[in-house]
Amino acid sequence: MEKTNKTRAIFFDVDDTLYDHLQPLKGALQEVLGLPDDFPYAEAYHRFRYYSDWLSAQEDLSAVPEPEAVERMRHRRFELTMAEFGLPLHSGQAEQLQAQYLSRQFQIQPFDGAYELIRRLLAEGHTVGLITNGEGKHQQRKLEALDVFSLIPEERIFISGTLGYAKPDRQLFEHVNRQTGTDSSSSYYIGDSWRNDVVGAVDAGWKVIWFNHRGALPESEHQAHHVARSYEEVSRILTSELVQ
């Protein structure tokens, strides 16, 4: 018999799921490279995220990474991304882009409907939290900028950099289940990254809502349980799921 909705665990990704991660990148590219408004920023963002994930896997940044490896990944992802658009970077530009991108990541706002949905789920008694990849202090600063801690208890916020493993490692999702007293069969994950969010959560036995608001393509044979392009769609899917 299906569990009641009081037992459901519903966790969200942060970057480009809770807020628009494209804006800091767009601002950095315009500031450093002087790119026009009609540059294909959404396509560049998709490739930038791809290289971020791919290089992180190559550098094995899932555990406690060496700072030098993190910086190498951060600069190289800009070089590889811009090369695809016929804009090879000159000496020092990758470092400038990273500095601008970093400074703009704390000037962010949640997507429309995100916090309204979280408040409703909390009011209904669900276990709601966040699972995010990244260095601990850096991700915490983002969450402070988003005023997340006024919504979600800190013990339900899981940052890979403080745990020693990162998405898509299923151990991260299993750790969340253990820490929150929930189980995979009644857990949902909402995230934008195929490689990290869909693959990781599916492998851990969670139900996945792929927040594919940028029209990306699947990168493996995994199957997301649902696909949504807005928080209105995410809310509608969860409403249907949670009354079963």
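Ala, Val, Leu, Ile, Met, Phe, Trp, Tyr, Cys and Pro are counted here as nonpolar, Asp, Glu, Lys and Arg as charged, and the others, Gly among them, as polar. With those classes, the lining of the largest cavity divides into seven nonpolar, four polar and seven charged residues. The views below show a predicted model.

**View 1. The largest cavity and the residues that line it.** The structure holds one cavity of 30 Å³ or more, and the volume of the largest cavity is about 200 Å³. Its lining is made up of 18 residues, and those that lie nearest the centre are His46, Arg49, Asp192, Ser193 and Ala216. Helix 2 (41–58), helix 8 (194–203) and strand 5 are the elements that give two or more residues to this lining, and the largest share, five residues, comes from helix 2.

**View 2. The largest nonpolar core, with Leu130 among its members.** In soluble globular proteins, nonpolar side chains tend to be buried together. The largest nonpolar core of this model has 31 residues, of which Phe12, Leu18, Leu130, Val148, Tyr231, Val234 and Leu238 touch the most other members. Two or more residues are given to this core by each of strand 1 (9–12), helix 5 (114–123), strand 2 (127–132), strand 3 (157–159), strand 4 (187–191), strand 5 (207–211) and helix 9 (231–242). When residues up to four places away in sequence are not counted, Leu130 touches Phe11, Phe12, Asp13, Val14, Leu18, Leu143, Val148, Ile152, Arg156, Ile157 and Phe158.

**View 3. Val202 in helix 8.** Val202 has a relative accessible area of 23% and is therefore partly exposed, since buried means under 20%. Its contacts, leaving aside neighbours within four places in sequence, are with Val208, His222 and Gln223. Val202 and Tyr189 are 13 residues apart in sequence, and their C-alpha atoms are 9.1 Å apart in space.

**View 4. Helix 1 and the helices against which its buried residues pack.** Helix 1 (residues 22–33) consists of 12 residues, and the distance from its first C-alpha to its last is 16 Å, close to the 16 Å expected at 1.5 Å a residue. Leu22, Pro24, Leu25, Gly27, Ala28, Leu29 and Val32 are the buried residues of helix 1. An α-helix has 3.6 residues a turn, so residues three or four places apart point the same way. The buried residues of helix 1 pack against helix 2, helix 3 (67–84) and helix 4 (93–104). Just after helix 1 comes Gly34, which takes a positive phi of about 65 degrees.

**View 5. Helix 3 and the cover over its buried residues.** Helix 3 has 18 residues and reaches 26 Å from its first C-alpha to its last, close to the 26 Å expected at 1.5 Å a residue. Its buried residues are Ala69, Val70, Met73, Arg74, His75, Arg77, Phe78, Leu80, Thr81 and Met82, and what covers them includes helix 1, helix 2 and helix 4. Just after helix 3, Gly86 has a positive phi of about 70 degrees.

**View 6. Gln98 in helix 4.** Gln98 has a relative accessibility of 5% and so counts as buried, the cut-off being under 20% relative accessible area.

**View 7. Backbone geometry at Asp16, at Asp147 and at the bond between Lys167 and Pro168.** Most residues other than glycine have a negative phi, and most peptide bonds are trans. Asp16, in the loop between strand 1 and helix 1, has a positive phi of about 65 degrees although it is not a glycine. Asp147, in the loop between helix 6 (136–145) and strand 3, likewise takes a positive phi, near 60 degrees. Asp16 counts as buried at 1% relative accessibility, whereas Asp147 is partly exposed, with a relative accessible area of 46%. Lys167 and Pro168 are joined by a cis peptide bond with an omega of about 15 degrees, and Pro168 is found in the loop between strand 3 and helix 7 (170–180).

Technical notes:
Residues are numbered from 1 along each chain as its sequence is written. This is a predicted model: local features need pLDDT of at least 70, side-chain atom pairs count only at pLDDT 80 or more; totals for chains, interfaces and linings use all residues. Side-chain values use heavy atoms; hydrogens and water are left out. A nonpolar core is a set of buried Ala, Val, Leu, Ile, Met, Phe, Trp, Tyr and Cys residues joined through side-chain atoms within 4.5 Å. Buried means under 20% relative accessible area, exposed over 50%, partly exposed in between (1.4 Å probe, protein chains only). Helices (H or I, at least four residues) and strands (E, at least two) are DSSP runs, numbered from the N terminus. Contact means heavy atoms within 4.5 Å. On a 1 Å grid over the protein atoms alone, a cavity is a set of points where a 1.4 Å probe fits but cannot get out, and a pocket is an open set with protein on both sides within 12 Å along at least five of seven lines; lining residues have an atom within 4 Å of a point. Grid points are joined across faces, edges and corners, and a volume is the space filled by probe spheres set on the points. The expected span of a helix is 1.5 Å times one less than its number of residues.
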